[in-house]
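Me: I'd like to learn how to read aromatic contacts in a protein model. Could you walk me through some?

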Amino acid sequence: MEMVPSEPHSFIKLLKVNREHLVTHIRNTQCLLDNLLQNDYFSTEDAEIVCACPTQPDKVRRILDLVQSKGEEVSEFFLHVIQQLADAYVDLRPWLSEIGFSPSPLIQSKAVVNTDPVSRYSQKLQQQLGQDSKFILCYAQKEELLLEQMYTDTVVELVNFSNESLGSLDSLACLLDATTGVLNEQGEIIFVFGDAGMGKSMLLQRLQSLWAAGQLDPGIKFFFHFRCRTLSCFKKSAALCLQDLLFKHYCYPEQDPGEVFAFLLRFPHTALFTFDGLDELHSDFDLSSEPDTSSPWEPAHPLALLASLLSGKLLKGARKLLTARTGVEVPRHLLWKKALLRGFSPSHLRAYTGRMFPERAVRQRLLDQLEANPNLCSLCAVPLFCWIIFRCFQHFHDTFESSPQLPDLTVTLTDIFLLVTEVHLNRTQPTSLVQQNTRSQTETLRAGRDTLCSLGRVAHRGMEKSLFVFNQDEVQASEVREGDLQLGFLRTVPELGLGEEQQSYEFFHLTLQAFFAALFLVVDDKCLGGRGLHGEDPFKNKDHFHFTNLFLCGLLSKGKQKLLRHLVPTAALRRKRKALWTHLFASLRSHLKNLPRVQSGGFSQVQALPTFIWMLRCIFETQSEKAGQLAARGICANYLKLTFCNACSADCSALSFVLHHLRKRLALDLDNNNLNDFGVRELQPCFSRLTVIRLSVNQITDSGVKVLYEELTKYKILTFLGLYNNQITDVGAGYIARILDECKGLTHLKLGKNKITSEGGKSLALAVKNSKSIFEVGMWGNQIGDEGAKAFAEALRNHPSLTNLSLAFNGISTEGGKSLAWALQQNASLRIFWLTKNELDDEVAESFAEMLKVNQTLKHLWLIQNQITAKGIAQLAEALQKNTGIMEICLNGNLIKPEEAKVFEDEKRIVCF
């Protein structure tokens, strides 16, 4: 290919010289014709001459002939169109860059219309997704809210393969960012997971809205959104090729589907697929065992196409965002990123409250009630449950003249779903200014018994078959009436083209289907047992049965007997309660007996699994003290480890319900969960028993730390406090300092990776100085600086017990480093000192060298990743000649070259590389 400079009057020559290159790579002649006609460069006759050519290359040659015959301006405009419509002429981008084409002002003023099928399809997708994502469909089908007005961020964390946090997500766009959180460069799936109700579907809707508004990566030209539950609605015999799935069952191109699909196959990286709810597929679906479908034209079942898309056998290079509930695993080799949804933080909840209740007086009344009921507040950390609670509050506010009141006692999930059921059933009741609906909950449920049974029958049949979408026949077979459909429990399925001419329905959320399935098992006369679905262990991970079993425990609890006796004969209710309790207690004993147990650090430690959390939830739903006592006795250990169980703040209510029955003292490890300040408040009944409290990586702020201070200083039995990687500032550090002052037996304090600065550092250092028991303090990753370091230096002088201290990554420079070194000349207790990733230089090294001539008790000194040169290391090495106590000085990552480090090879205690 020859290059000709774009000099004046050279565009005709440029087209002549590169004629064959243009003929080869121009596949879309219609765009060129449309623009040449639009700007009166071509006549209708010219266009007809081109269209009469038999092949595409012939059409390109004829266009080139006509363009060149019409002069330089037309030739220049021809190149301008190719440059502007980059998607239509993608193969010519390198050539245009090579020739350095730049149009004149005259040509730039000409309008270029984009009739390229790919661009038109991308615009159509944007328009459709913009419309689809504009509104949030609420519980009543008639009620819609603007997404832009109601969407509230939640806590989203990028995690590694082991679900350990890699940091919070700054924005949803970061999910697609290749610079953060990538686990596997070869993977293609962004896996977003979280408990039911945490907002996975809402996150996808927000992502759709951002893309439609042009606020995501501009390189993404196609956005295809599917819900997994609707893919499983296809008949087993259904077979589609990929093009039909994308176009006929999602969004059809207005022109030339073949060209659009060919572009997608050539440039799969321009597509983003989202698949919502992998856990809602039938239970035998397995990504690794689905039949291979590597040809985009080969017909296959939609689930096989899904598996092939996710595995990269189809459209390798496209991004796929997949959501599922916690507990669903995706093969590691397929993962690109993982993100965990943790729900509302306290600040998110306040923001959401403001959006839901713009009227200040009503909003404040609600916030006051939540503040007075930590249990209810903790439920509101789950966006779905928060939405339900707020909607019920709104209903009462609109219906009654008096101020609406949320429940002021312990509230279970069963209570919340009974409340929303009452609210929806009352939608059918007429109200007026002179006569309001005053039916009690009992009267409302009794009047709606037939409706509840019909909806429960639909839900139960679906749960047994792992189905979540129901056609018209299935709904009618369950005797659901037209009026029942208007209540808002069931809504029409928004997807079209699923191979069914009839309207399909689904419950507004999976948890509601689970509730109605449980209610059916209780109310229906033919359901004799109380063992849930298929009589399975209620704590066994059996897809979606967890919530059904949980609601069974709540509905058959003692506190609900008065309500349910109007729906179920007394004898049948008694029989079902007995069957459930028998099975519940047997499963409870078996589960507790099989928990892994180890002896560690003087503790008898039991390692609980995520299933243990479901056991606690079921017990809490019963509100049975007998069940709580049985569970407490079954723990049989003095150290309960519940790390990485994805426990949320509401689970702390269940945990406290069991642990407050313990008479012995206990160590409780809740690291790496999602408790936040609400959860800390719910743990209050336990604090009189706890000697070890580990709450690291739990979104805890100063407000939660204040609760810890108020409770722990009542009992003064604390020995270990772990609050690593939370959101604690200097205010919280002040509370922790007071805990250290008053809890005289506290030996371990872990406060790394918080937001503590010099002021908080000074408070903590003073408390450490006054403590006679503290053994280890971890402050890694704060910002105490030189002033904080000086305060810790003061604490180190002649300290009787402090043995391990980490001030790593704290912005400490020369002044602070020298203060610490001088203080250690008067210290005989410290054995390990971490000062990694600070700003310590040769002056500090010289001061530590002087210290080593005096201090013979320090064993490990870590000065990794500082600014020490060979000069400073030489001084440390020289000091070691007079020190026999220290075992290592780690200096990796300092300002020393490998050849300089060879000088210190003989001193094995100096570690440079």
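Me: Is phenylalanine 516 buried or exposed?

Reply: Burial is read from relative accessible area, with under 20% counting as buried. In this predicted model, phenylalanine 516 has a relative accessible area of 0%, so this residue is buried. Phenylalanine 489 also counts as buried, at 0% relative accessibility.

Me: How many aromatic pairs does the structure hold?

Reply: There are 37 aromatic pairs in the structure. One of them joins phenylalanine 489 and phenylalanine 516: the ring centres are 5.0 Å apart, and because planes over 60 degrees apart count as edge-to-face, their angle of 75° makes this pair edge-to-face. Distant parts of the chain are linked here, since phenylalanine 489 sits in the loop between α24 (482–485) and β11 (490–492), while phenylalanine 516 belongs to helix α25 (residues 510–523), 27 residues apart.

Me: What about the pair of phenylalanine 620 and phenylalanine 657?

Reply: Read that pair the same way: with centres 5.8 Å apart and planes at 85°, the rings of phenylalanine 620 and phenylalanine 657 are edge-to-face. Helix α29 (residues 610–622) holds phenylalanine 620 and helix α31 (residues 649–659) holds phenylalanine 657, so the pair ties together parts 37 residues apart in sequence.

Me: Which residues form one aromatic cluster?

Reply: Look for a group that includes Tyr121, Phe222, Tyr252 and Phe275 among its members.

Note on methods:
Residues are numbered from 1 along each chain as its sequence is written. This is a predicted model: local features need pLDDT of at least 70, side-chain atom pairs count only at pLDDT 80 or more; totals for chains, interfaces and linings use all residues. Side-chain values use heavy atoms; hydrogens and water are left out. Rings of Phe, Tyr and Trp (its six-membered ring) pair if their centres lie within 6.5 Å; planes under 30 degrees apart count as stacked, over 60 as edge-to-face and the rest as tilted. Helices (H or I, at least four residues) and strands (E, at least two) are DSSP runs, numbered from the N terminus. Buried means under 20% relative accessible area, exposed over 50%, partly exposed in between (1.4 Å probe, protein chains only).
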